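Try each task yourself before reading on.

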Amino acid sequence: VKVIGNRMYVLNNYRGLVIVNLEDDKNPYVEGSVQVLGHPVSMYIVDFLGFVIVSNAPTFDGSSQYSGALYIIDLLDNTNPRIVQMVELTGYPTDSRRVGQVIYVVSNEENYYHWGWGMRGGVMMDDMVLEIESSEPEEEEGPKTHVTSIAFTDPGNIGEKDSVEIDGNAGLIHASSFAIYVPQPNYDYKSPETKFIYVDISDPKGDILVRDSIKVPGLLMDRYQMDHYKGTFRVVTQ
């Protein structure tokens, strides 16, 4: 939910983006709405544009797979908001931040075992053996974290500016005006630890660079156990 002036913008899992008029605080009413597909992750209202990030959105090619998406919504007429552009995102978005005129989206991509054809076998059917090819699991690469920048410095050319891929997945992030810190926990029973990856987002146009990482003992419990203060990144782990 975001309140800007006398408008409330509500992002709902079933109704999409709903605009509530608050000019008369005793009689608020729904002024307009627009449907978006997927599970809401975050929303930004910039001037007369709305940016809605969702996960579990149907892919644009109509396949049965699901991914993430960013909807760009024209809010010039609150009674008739309309989607003007959709940007497909790799993986499932978990969090995002806006820095200046760039939105940074962090998403996870899980890779699983898939079944490939390779082992031959036989099935007994009456007095004959039917030769078949059975399947065996082939291991793919592990999970990945993607950090993607969506730049809207040029209203006529809004879209993905840059993207980086990091091994492992992440659910919590901390962002300053020039960096995103991506924690990755290791739930080892004897010596749990958390790896923090430094992602440089200092370029105002949206270029991204992975700088370095550091491991500290313990696990991060929530996003409020991280901050950046006077040139120092501080964390509390347990």
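**Exercise 1. Find where Thr194 sits, decide whether it is buried or exposed, and work out which pocket it lines.**

Step 1: Thr194 belongs to strand 17, which covers residues 193-200. Keep in mind that we're working with a predicted model.

Step 2: check the accessibility. The relative accessible area of Thr194 is 1%, so it counts as buried, the cut-off being under 20%.

Step 3: The Thr194 side chain gets to the backbone oxygen of Gly218 at 2.7 Å.

Step 4: list the neighbours. Leaving out residues up to four places away in sequence, Thr194 touches Pro183, Gln184 and Pro185, then Ile214, Lys215 and Val216, and finally Gly218, Leu219 and Leu220.

Step 5: turn to the pocket. Thr194 is among the residues lining the second largest pocket, along with Gly168, Asn169, Gln184, Pro185, Asn186, Glu193, Lys195 and Lys215. Two elements, strand 16 (179-186) and strand 17, each give two or more residues to that lining. As for volume, the second largest pocket comes to about 160 Å³.

**Exercise 2. Work out the order of the four strands in the open sheet, and say which strands stand at its edges.**

Step 1: get the order. The four strands of this open sheet run 1-2-3-4, with antiparallel pairing.

Step 2: find the edges. Strand 1 (2-4) and strand 4 (29-34) each have a single partner strand, so one side of each has no neighbour in the sheet.

A reminder for the next task: strands in a sheet pair through backbone hydrogen bonds, and the pairing can be parallel or antiparallel.

**Exercise 3. Follow strand 2 through its two pairings, and sort its residues by face.**

Step 1: start with strand 1. Strands 1 and 2 pair in the antiparallel sense over three bridges, and Val3 has Met8 in strand 2 as its bridge partner.

Step 2: inspect the turn. Two residues separate strand 1 from strand 2 in this hairpin, and Gly5 in the turn has a positive phi of about 65°.

Step 3: go to the other side. Strand 2 (residues 7-12) pairs with strand 3 (residues 16-21) over six bridges, again in the antiparallel sense. Three residues lie between these two strands, which form a hairpin. Asn12 has Gly16 in strand 3 as its bridge partner, while Arg7 stands opposite Asn21.

Step 4: sort the faces. Arg7, Tyr9 and Leu11 make up the covered face of strand 2, whereas Met8, Val10 and Asn12 are on the uncovered one.

**Exercise 4. Asp47 and Asn56 both have a positive phi; find where each one lies and how exposed it is.**

Step 1: take Asp47. Its phi is near 55°, a positive value in a residue other than glycine. Asp47 lies in the loop between strand 5 (39-46) and strand 6 (49-58). At 71% relative accessibility, Asp47 is exposed, since the cut-off is over 50%.

Step 2: take Asn56. Here too phi is near 55° in a residue that isn't glycine, but Asn56 lies in strand 6. With a relative accessible area of 40%, Asn56 comes out as partly exposed.

Notes
Residues are numbered from 1 along each chain as its sequence is written. This is a predicted model: local features need pLDDT of at least 70, side-chain atom pairs count only at pLDDT 80 or more; totals for chains, interfaces and linings use all residues. Side-chain values use heavy atoms; hydrogens and water are left out. Two strands pair if DSSP finds at least two bridges between them. Buried means under 20% relative accessible area, exposed over 50%, partly exposed in between (1.4 Å probe, protein chains only). A polar contact is a pair of N or O atoms within 3.5 Å; within protein, one must be able to donate a hydrogen and the other to accept it, and residues adjacent in sequence count only if both atoms are side-chain atoms. Contact means heavy atoms within 4.5 Å. On a 1 Å grid over the protein atoms alone, a cavity is a set of points where a 1.4 Å probe fits but cannot get out, and a pocket is an open set with protein on both sides within 12 Å along at least five of seven lines; lining residues have an atom within 4 Å of a point. Grid points are joined across faces, edges and corners, and a volume is the space filled by probe spheres set on the points.
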